[in-house]
Amino acid sequence: MQLTKRTGRRSIRHSRGDSLFKALCVGFVAFFAAVCLYPLLLVLGVSFSNETDVLRYGYSVIPRNFTTDTYRYIFLQSGSRITDSYVITIFTTVVGTLGALLVTGMISFALSIKQLRYRNLIAFVCNFTIIFSAGLIPWYIVCTRLLGFNNSLNALIVPGMFSVWYMFMLRTFFADIPPSLYESATLDGAGYFGIFWRIATPLSTTALLTIGLMYALNYWNNWWNALLFIDRKELFPLQYLLYNVLSNVNAIRGGRMPPGVGSVRIPAETVKMGLTIVTIGPIILLYPFIQKYFVNGIMSGAVKE
Amino acid sequence: MHSEPTRGALPPRRKSAFVREMRRHKTLYLMCMPALLLLLALSYIPFGGLWMAFTNYKLLDGIFGSEFVGLNNFRLFFISPNALRYVGNTLIINAWGLLLGLVFPISLAIALNELRRGVFKRITQGVMFFPYFLSWIVVGAISWALFNTELGVVNSIYRSLGWEPVRWLARGEYWKGFLISFNVWKWSGYSSIIYLAAMSNFDPNLFQAAEVDGANKWQRIYHLTLPLLKPTAVVLTLLSVGRIFYGDFGMVWGIVGSNPVIGPYVHVIDTYVFTSMRSLGFSYTTAVGLMQSVLGLILVVGANALAKRINDGEGLF
């Protein structure tokens, strides 16, 4: 009797403590999520505001007078600068990602084959580059003098084409494929490349998609190669154009101008935020579909990125 | 399997084993070539350029024809008050990043783990992960929206509270803190996924047993969850320690850029090398980069050895 009473009381106290804890958890998560969301809503809100309101009342999440003038300016009145940059970014992202997948896929597959005698040596050659590097300046000199990266699209594509981290992730996936699946193909006369292309690749589509998306994100968000190697404005990727517009809003104008808009005043503040939204737009639209691949990628060893 | 050459095999036979292996797996080695060529061009050939650190590099004399000056470039670094300041900035920003990079992701992971599966959890988690997808330039745009003097949100709040607005972009002393906060903002959701992954492997029986024994939530977290998360936290921390002399170029340049007033407060070794490569010369900046790489190598190798000792032989890479 006494015993049940005591446990009964304890479980009440216990559950009260637990529900307090649960409430704290919900509160903390909600707070942090709000902190993550607010800046994005702010940028979005300002991009749909009218420049005069922003100049009078400052930045705010809710537009006083909803308008799409900013986007009209960006896409119709600022010249071809933005579409040029969009094309550059899409081109480098697509070409770079496909190339990176092929380059990374091939070496990961080769290193996952246990019969390859020098695979540990090759893995070390790869690994060593993550723990020791020559630093920015020698790299920069090689890129400009030897590889001719100045004002070349190669500068935006080649440096991001092979990541040792992603190679090791992909190798783990390939290594999990049972070798017996390869043996039958070998009997049919397929070479290693045939096995890679027709058996290993289709079996690892999720892994390839995950790593492809990670490469694509890196290409999309890259501005640092442009900062180092690109001066010609028509070769600016989107991120680097945004960087230039943030420090000097006039950078948005240029390229082929549509007739009759030469005198349109730049809505300086809303354009900065509108261009930010334009830059991250595709990521926002794709986010619901791609999020899970990144989560998988992180869980399966991108820990070490 | 073909027979391995015996230990006492003569050099010519070994060489033929090498040739045999190359022939046998020609396709596989060819498949490694594109990646290896990229590494050769972008990682291995630059090692030759390290020689510049010991010379007074002149464009006309070339890398190997310039005057040899021994360790003079390194000496210049240690007598330059600015340079040491940037080392300090790098260490301070990284140390805070490391500490808050433990506190926030772990508490978020614990809190998320308490929530039932459902819309709230899915949406909040998605929102917290999103900043990871943004470039530092976009974060720079957000920082402008928050902190510009005339129109920024922070000063609007100050005005509505009746306080004097602050010219944030002219007050460098605040920006180390801002950068550290933006870093937490960008990475917490990402890192919390790593801890959630670790938590999904916990043995539920342990927690049920603790509950039966009368341990409340706090006790279970303190005595079970945190100790079980320790290996993951140790690995991540050691990785950050290995990189403590590397500043986040993208973060500093994307948010602060070339602002000369804030610069001295937030510039890290990497941005210092970038901004001074023309003004102070390639030799000097190569020397700075070389010191950074050597320190990084020592720390990473040390951290790896430590990780192996702590995590039963499981290293960082």
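This is a predicted model: local features need pLDDT of at least 70, side-chain atom pairs count only at pLDDT 80 or more; totals for chains, interfaces and linings use all residues.
As a whole, the model scores ipTM 0.89 and pTM 0.90.

Chain A contains 14 helices and 0 strands. Its pattern along the sequence is accordingly written with α elements, α-α-α-α-α-α-α-α-α-α-α-α-α-α. The radius of gyration of chain A is 26 Å, whereas a compact globule of 305 residues would have a value near 19 Å. Along the principal axes, the C-alpha atoms of this chain fill a box of roughly 85 × 70 × 40 Å. Of the 305 residues in chain A, 40% are buried. When contacts in chain A between residues at least 6 apart in sequence are considered, 72% of them join residues at least 24 apart.

Chain A is divided into two parts: domain 1 spans residues 17-67, and domain 2 spans residues 70-304. The C-alpha centres of domain 1 and domain 2 of chain A are 31 Å apart. Where these domains of chain A meet, 8 residues of domain 1 and 8 residues of domain 2 take part in the contact. On the domain 1 side, helices α1 (2-47) and α2 (51-57) of chain A each supply at least two residues. The greatest contribution to that side comes from α1(A), with 4 residues. By residue class, the side of domain 1 of chain A that touches domain 2 comprises 5 nonpolar, 2 polar and 1 charged.

Attention now turns to chain B. Its mean pLDDT is 89, and 93% of its residues reach 70 or more.

Leu28(B) is located in helix α2 of chain B, which covers residues 26-49. Is Leu28(B) buried or exposed? Leu28(B) has 25 other C-beta atoms within 10 Å, and it is therefore classed as buried, since the cut-off is 20 or more. Leaving aside residues up to four places away in sequence, Leu28(B) touches Ala110(A), Ile113(A), Leu116(A) and Tyr192(A). Pro46(B) stands 18 residues from Leu28(B) along the chain, and the C-alpha atoms of these two residues are separated by 27 Å.

Technical notes: Residues are numbered from 1 along each chain as its sequence is written. Chains are lettered from A and ligands numbered from 1 in the order in which they are written. A residue is buried if 20 or more other C-beta atoms lie within 10 Å of its own, exposed if 12 or fewer, and partly exposed in between; C-beta atoms are placed from the backbone. Two residues are in contact if their C-beta atoms, placed from the backbone, lie within 7 Å. Domain bounds come from an automatic or database domain assignment. Ala, Val, Leu, Ile, Met, Phe, Trp, Tyr, Cys and Pro count as nonpolar, Asp, Glu, Lys and Arg as charged, and the others, Gly among them, as polar. pLDDT is the predictor's confidence in each residue, from 0 to 100. The radius of gyration is taken over C-alpha atoms; the globule rule is 2.2 Å times the number of residues to the power 0.38.
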